[in-house]
Amino acid sequence: MTNGLGKFDKFPRAELAMVPTPMEAMPNLSNFLDGPNLFVKRDDLTGLAMGGNKARQIEFYFGEAIAQKADVILITGAIQSNFIRSAAAATAKLGMDCHVQLEERVPNVDQTYRASGNVLLDKLFGATIYSYPDGEDEAGADRNINEIADGLKKQGKTPYIIPLSPGHAPLGAMGYIVAAQEILEQLKQSGQQIDEIVVASGSTSTHAGLLYGLRALGSQLRIAGICVRRNKEQQAPRVLARCTELSKLLGTTEYITADDIILNDVPLAPGYGQLNPLTIEAIKLAASTEGLLLDPVYTGKVMAGMIDRVRGSVYAKNANVLFLHTGGQPALFAYEPELTTALDAT
Ligand SMILES: Cc1ncc(COP(=O)(O)O)c(C=O)c1O
């Protein structure tokens with residue numbers, strides 16, 4: 001790639017995402033909110049099995065898995081995980097087996113949540129499904145998936161685990177270094193100025209990868225992360241740690257300081273994967289003004305966070321703000337009963 005990114009070019013990458021993804025204006029939503037000029041980067045259109053940010057992130061994991069001659073991929077995550085769906089699709093495409101562990105992370109879910117959306121797609125891709133009872137127990141979930149991998153090894157398989165918890169090589173975040181370069185190139189080509197990018201901050205791979213990539217490539221573009229899993233006090237050190245892991249992996253200086261990390265957790269309550277009125281409003285607004293589909297767990301909350309920043313007068317009237325659409329739409333169907341109730345009530 002370019003100077004500033006150290007050993008980046010040495011990492012194997014499997015081409016799975018259809019990139020570059022388009023960037024477009026959202027004039028109707030901008031008018032409706034009577035705030036800054038809003039734009040969207042369509043990473044929901046990365047192609048692989050209904051798209052999303054995870055198609056970019058798994059490119060580096062699958063690059064390493066192929067280099068290790070792995071024939072089975074293991075991954076753990078929430079029941080409605082887009083990461084799992086994207087990985088399961090990639091294994092089908094690459095002729096590998098897939099074992100997935102679905103964690104109980106969202107309280108009081110119904111049968112639609114357990115069977116529709118991403119779970120249905122995981123089954124279509126032929127994944128072998130396990131469940132894990134505690135979605136907050138990252139160490140336990142990791143231990144369990146490692147035990148499954150050990151069992152597969154005994155059967156003569158060559159497993160590769162895509163890790164979710166912190167403390168592993170940040171290969172997923174590398175996908176968003178690629179996206180940072182893509183965004184800078186698109187802005188250069190179009191002559192469009194952007195004052196802030198608003199992005200989901202969950203496992204941190206997207207937020208940290210984008211932030212690190214921009215700074216490594218010499219851009220001071222501001223990134224605002226919207227918390228979708230943990231509150232901002234818990235999330236800030238995680239984002240910083242992921243950036244430090246990137247500089248270690250690539251052998252570069254540490255570009256990111258705590259001042260670079262801007263977080264908003266207003267739309268998070270009552271917690272991960274749980275709807276609230278702000279998120280429902282955001283999903284409805286994007287659909288009714290721009291024909292843009294958001295999801296209940298991630299992008300709906302990120303849009304709600306962006307709207308909160310517009311209404312909180314964070315931006316000048318002539319500012320340009322880019323919403324990073326990270327996909328996740330299959331989960332709309334997993335939340336159908338709750339969404340229908342909310343829509344029918346308005
Ligand atoms: C659709 C979607 N958007 C955003 C995120 C959050 O991205 P990250 O985990 O890289 O923080 C996820 C994570 O699962 C996701 O599935």
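Q: Which hand does the crossing of α8 and α9 have?
A: α8 and α9 make a right-handed crossing (right-handed if the near helix is turned clockwise from the far one by less than a right angle, left-handed if anticlockwise). The model is predicted: local features need pLDDT of at least 70 and side-chain atom pairs count only at pLDDT 80 or more, while totals for chains, interfaces and linings use all residues. Residues are numbered from 1 along each chain as its sequence is written.

Q: What's the angle between α8 and α9, and how far apart are their axes?
A: Helix α8 (residues 205-216) packs against helix α9 (residues 232-250) at about 55°, and the axes are 9 Å apart. Axes are lines fitted to C-alpha atoms, for helices over the stretch in contact, and angles run from 0 to 180 degrees between N-to-C directions. Helices (H or I, at least four residues) and strands (E, at least two) are DSSP runs, numbered from the N terminus.

Q: What does that make α8 and α9 to each other?
A: They are therefore oblique (under 35 degrees is roughly parallel, over 145 roughly antiparallel, 65 to 115 roughly perpendicular, the rest oblique).

Q: Which residues make the contact?
A: On α8, H207, A208, L211 and Y212; on α9, V239, R242, C243 and L246. Contact requires C-beta atoms, placed from the backbone, within 7 Å.

Q: And what classes are in the contact of α8 with α9?
A: Six residues are nonpolar, one is polar and one is charged. Ala, Val, Leu, Ile, Met, Phe, Trp, Tyr, Cys and Pro count as nonpolar, Asp, Glu, Lys and Arg as charged, and the others, Gly among them, as polar.

Q: OK, α10 and α11. At roughly what angle do they cross?
A: Roughly 95°, with the axes of α10 (residues 277-290) and α11 (residues 299-311) coming within 8 Å. The two helices are therefore roughly perpendicular to each other.

Q: Which residues touch there?
A: α10 uses L278, T279, E281, A282, I283 and A286, and α11 uses G300, K301, M303, A304 and I307. By class, that contact has seven nonpolar, two polar and two charged residues.

Q: Now α2 and α7. At roughly what angle do they cross?
A: The axes of α2 and α7 cross at roughly 125° and come within 6 Å. The pair is therefore oblique, and the crossing is right-handed.

Q: Who is in the contact of α2 with α7?
A: R56, Q57, E59, F60, Y61 and E64 from α2 meet L171, G172, M174, G175, Y176, V178 and A179 from α7. These divide into seven nonpolar, three polar and three charged residues.

Q: Switching topic: what are the domains?
A: Domain 1 covers 8-52 + 170-344 and domain 2 covers 57-162; the bounds come from an automatic or database domain assignment. Their C-alpha centres lie 24 Å apart.

Q: How many residues of each domain are in contact?
A: 28 residues of domain 1 contact 26 residues of domain 2.

Q: Which elements supply the domain 1 side?
A: α7 (171-190), α12 (331-334) and α13 (336-344) each give at least two residues to it. α7 has the largest share, four residues. By class, the domain 1 side has 17 nonpolar, eight polar and three charged residues.

Q: Last one, the ligand. Which residues come nearest?
A: N82, G202, S203, T326 and G328, out of 19 residues around the ligand (near is a C-beta atom, placed from the backbone, within 6 Å). α2 (53-67), α3 (82-94), β7 (196-201) and α8 each give two or more residues to that shell.

Q: Which element gives the most to the shell?
A: α8, with three residues. The shell divides into three nonpolar, 14 polar and two charged residues.

Key. Two residues are in contact if their C-beta atoms, placed from the backbone, lie within 7 Å.
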